[in-house]
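Here is a short briefing to keep beside the viewer. Please load the structure and follow along topic by topic.

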Amino acid sequence: MELGPKTKIHDLLKKYPFVKDFLIAFNPQFKALDNPFMMRTIGRLATLSKVAIIGGVEIQKLISAIADEIKDKTGETIEISSIPPDEEIDEYKRLEILKDIIRDLHKGVDVKIVKKRFHELIKDIDPSEIANMEQQLIQEGMPEEEVKRLCEVHVEVFKESLEKKVMPGLPAGHPVHTYMLENRAAEDILNEMKKIEDPVKERQKLLSLLDRLSEIERHYVRKENQLFPVLEAKGISGPSKVMWALHDDIRMMLKDVKAKTQDSAITEKAVKALAHMINDMIYKEEHILFPMALETLSEDDWTKVRQGEDEIGYAWIKPADEWRPLGVSFQQALLTEKVGSLNLDTGQLTADQVNLVLTHLPLDISFVNENDEVVYYSQTAERIFPRSPGIIGRKVQNCHPPKSVDMVEKILQEFKSGNKDSAEFWIQMKGRFIHIRYFAARDRNGNYRGTLEVSQDVTGIKRLEGEKRLLDWD
């Protein structure tokens, strides 16, 4: 077997399985190779050149190390292919050039000079290369805030090249298609805002448009909770962090502009600044994030992105349902990998993880099954009401003093009949304010399956006022 930048990691590991453990020990960034699902998807396509970029390793150094390991284990001498001198700059070298360009920008070198250097060295650029470049700069120690601060300048340098990229045709209902429809809706609102000549005189119209524009929150939340996690599973986390920080900037700006408009203190400059931030985000999405994601993610990955979108909701539009993922869904693939886990509605947990979750909740819970038997209680560090293993399997009526049994029976009867779904009480005990709630637990068909009791000490919560947004551990 010949080793070179274009050797696929899947083919390599199929012939030499021991190389997987070697690579994971060689560089922690290669830990993803231990994920069977990852190897069935991106692993089939990824070349050693791509793997080197993810790990921030020089390609020739990586190839030589692999060849040495194979010789060590098998005695086989591997032929290493070299890159022809006249071949276009390889991915690793391009990435290093991009990083040097951005480092110069961050040092204050004039944008015009940097743009000229870029066009002399690299005539074209791929969105995924910008994503890799930003991620590696963060891994090498450049603060995320600093990458975010000059993100707009990064795009300006690469803008001409990026605009040559054509978004592939996408079926209606595909997550990226939906994102782009929302972007068009956002642009329509921004164009309406642009027509307002005097924000103070047209305050009510501006407020109405700002209220509509606020729906963009769903667009950003879907990216943060559906798209970014899938990209991070592919080892692409830097761009997500930077973009999330920019989302927060837009949120703060939108909140500030709305507040100033309500107080008649708004200016045309502030409205333009908000519009610029949102338009700039649309450009970054459609020229960097979406093309890079479409290059990187498989059909199963997009299935996972799509799952959960309805729960978060959409901005201004309702997505079409023409797009249907092909093959095995992400959820089905995932279930085959986590042997011994509990398959929950929105993920999987091992029994040990379930126990950790329940015992670390800042409240006490107990569960009574449909036969009125206590089958579980959470043994938290500072339980409000004492419990012991002796109550497990005991009728709940026998776990209360005689004077409370009638009330317990009434709650259970109302829950079982379907007349009520919850009951709540609050008491003061030893100077603490305790909130106690009961919930009827029903299955998907509406059948009563038991009662959940939740007790919480809300003494401190009742005293909260104003806002707390900063960490105060010091």
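Predicted model: local features only at pLDDT ≥ 70, side-chain atom pairs only at ≥ 80, totals over all residues.

The chain holds 22 helices and 9 strands. Of its 474 residues, 43% are buried.

**Confidence**

**Overall fold and surface**

- Among contacts with a separation of 6 or more, 66% join residues 24 or more positions apart.
- The chain exposes about 26500 Å², and carbon and sulfur atoms supply 52% of that area.

**The largest pocket**

- The largest pocket has a volume of about 610 Å³.
- Its lining has 23 residues, and the closest to the pocket centre are Arg387, Cys399, His400, Tyr438 and Glu453.
- Two or more lining residues come from each of strand 5 (364-369), helix 21 (402-417), strand 7 (422-429), strand 8 (432-442) and strand 9 (448-457).
- Helix 21 gives the most to this lining, with 5 residues.
- Sorted by class, the lining has 17 nonpolar, 4 polar and 2 charged residues.

**Lys223, a lysine in helix 14**

- Lys223 sits in helix 14, which runs over residues 216-233.
- Is Lys223 buried or exposed? Its relative accessibility is 0%, so Lys223 counts as buried.
- Leaving out residues up to four places away in sequence, Lys223 touches Tyr179, Phe228, Pro229, Met243, His247, Met281, Glu285 and Leu289.

**Leu254, a leucine in helix 15**

- Leu254 belongs to helix 15, residues 238-262.
- Leu254 counts as buried because its relative accessibility is 8%, which is under the 20% cut-off.
- Which residues does Leu254 contact, leaving aside its neighbours within four places in sequence? They are Leu210, Leu213, Ser214 and Leu274.
- Ala273 lies 19 residues from Leu254 along the chain, and the C-alpha atoms of the two are separated by 9.9 Å.

**Helix 2 and its packing**

- In helix 2 (residues 19-26), the buried residues are Val19, Phe22, Leu23 and Ile24.
- These buried residues pack against helix 1 (9-15) and helix 6 (59-74).

- Trp316 has a phi near 75°, a positive value in a residue that is not glycine.
- Trp316 lies in the loop between helix 18 (309-312) and helix 19 (330-337).
- With a relative accessible area of 23%, Trp316 is partly exposed.
- Asp372 is not a glycine either, and its phi is positive at about 70°.
- The loop between strand 5 and strand 6 (374-377) is where Asp372 is found.
- Asp372 is buried, since its relative accessible area is 8%.

Terms used:
Residues numbered from 1 in each chain as written. Heavy atoms only, no water. 1 Å grid on protein atoms, 1.4 Å probe; cavity = no way out; pocket = protein on both sides within 12 Å on 5 of 7 lines; lining within 4 Å. Points joined across faces, edges and corners; volume = space filled by probe spheres on them. Helix = DSSP H or I, 4+ residues; strand = E, 2+ residues; numbered from the N terminus. Nonpolar A, V, L, I, M, F, W, Y, C, P; charged D, E, K, R; others polar. Buried < 20%, exposed > 50% of the residue type's maximum accessible area, 1.4 Å probe, protein only. Contact = heavy atoms within 4.5 Å. Areas by Shrake-Rupley, 256 points an atom, 1.4 Å probe, with all protein chains shown as cover.
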